[in-house]
Amino acid sequence: MSQPSVPHPTAAELDLLSVLWRLGPADAKQVHEALLTERPDATYATVLRQLQLMYAKGLLTRDESQRPQRYAPAQKQAKLQTHLLKDLIAKAFAGSGKALVLAALKGHVSAKERADIQKLLGGKDETP
């Protein structure tokens, strides 16, 4: 059995990846400061340790040519999202993208988002 080429980030790792996708390459202090708006309980030591673990896991790259070291996502946001979505569809929706979309549309999409989706798909119920 082959290992997955893309590591699966935890929820906490996704929080840090989101910060790095927004900031670009950053040191642990910059990541910690940006994360405080979303998670005020996060400590610098915890953020630094998590970044180190994510680097070891292959989720981040690290520029060691300067101090402090700068971390960056190993993959672009869209690529990781696509990988995670494919995995979710395979595991939770028996491989059916349609089942995923229907589940999402049942309660997770606003009326405006639904209208936008209909317009994107060329639906007849376009609202001006």
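A nonpolar core is a set of buried Ala, Val, Leu, Ile, Met, Phe, Trp, Tyr and Cys residues joined through side-chain atoms within 4.5 Å. In this predicted model, the largest such core holds 17 residues, of which L16, L20, V31, V47, L51 and L60 touch the most other members. Helices α1 (11-23), α2 (28-35) and α3 (44-57) each supply at least two residues of this core. In soluble globular proteins, nonpolar side chains tend to be buried together.

Leaving aside neighbours within four places in sequence, L51 is in contact with L16, L20, A28, V31, L60 and Y71. Between helices α1 and α3, the residues that meet are E13, L16, L17 and L20 on the α1 side and V47, Q50, L51, M54 and K57 on the α3 side. The two helices pack at an angle of about 90°, and the axes of α1 and α3 lie 11 Å apart. Because of that angle, α1 is roughly perpendicular to α3.

| Feature | Value | Loop |
|---|---|---|
| Cis peptide bond joining R67 and P68 | omega about -5° | P68: between β1 (60-63) and β2 (70-73) |
| Positive phi at A94 | phi about 50° | A94: between α4 (77-92) and α5 (97-107) |

A94 has its positive phi although it is not a glycine, and A94 counts as exposed because its relative accessibility is 74%.

Regarding aromatic rings, the structure holds zero aromatic pairs, whereas a charge does sit over a ring: R62 lies over the face of Y55, at 4.0 Å from the ring centre.

Technical notes: Residues are numbered from 1 along each chain as its sequence is written. This is a predicted model: local features need pLDDT of at least 70, side-chain atom pairs count only at pLDDT 80 or more; totals for chains, interfaces and linings use all residues. Side-chain values use heavy atoms; hydrogens and water are left out. Rings of Phe, Tyr and Trp (its six-membered ring) pair if their centres lie within 6.5 Å; planes under 30 degrees apart count as stacked, over 60 as edge-to-face and the rest as tilted. A charge sits over a ring if NZ of Lys or CZ of Arg is within 6 Å of the ring centre and within 35 degrees of the ring normal. Buried means under 20% relative accessible area, exposed over 50%, partly exposed in between (1.4 Å probe, protein chains only). Helices (H or I, at least four residues) and strands (E, at least two) are DSSP runs, numbered from the N terminus. Contact means heavy atoms within 4.5 Å. Axes are lines fitted to C-alpha atoms, for helices over the stretch in contact, and angles run from 0 to 180 degrees between N-to-C directions. Angles under 35 degrees count as roughly parallel, over 145 as roughly antiparallel, 65 to 115 as roughly perpendicular and the rest as oblique.
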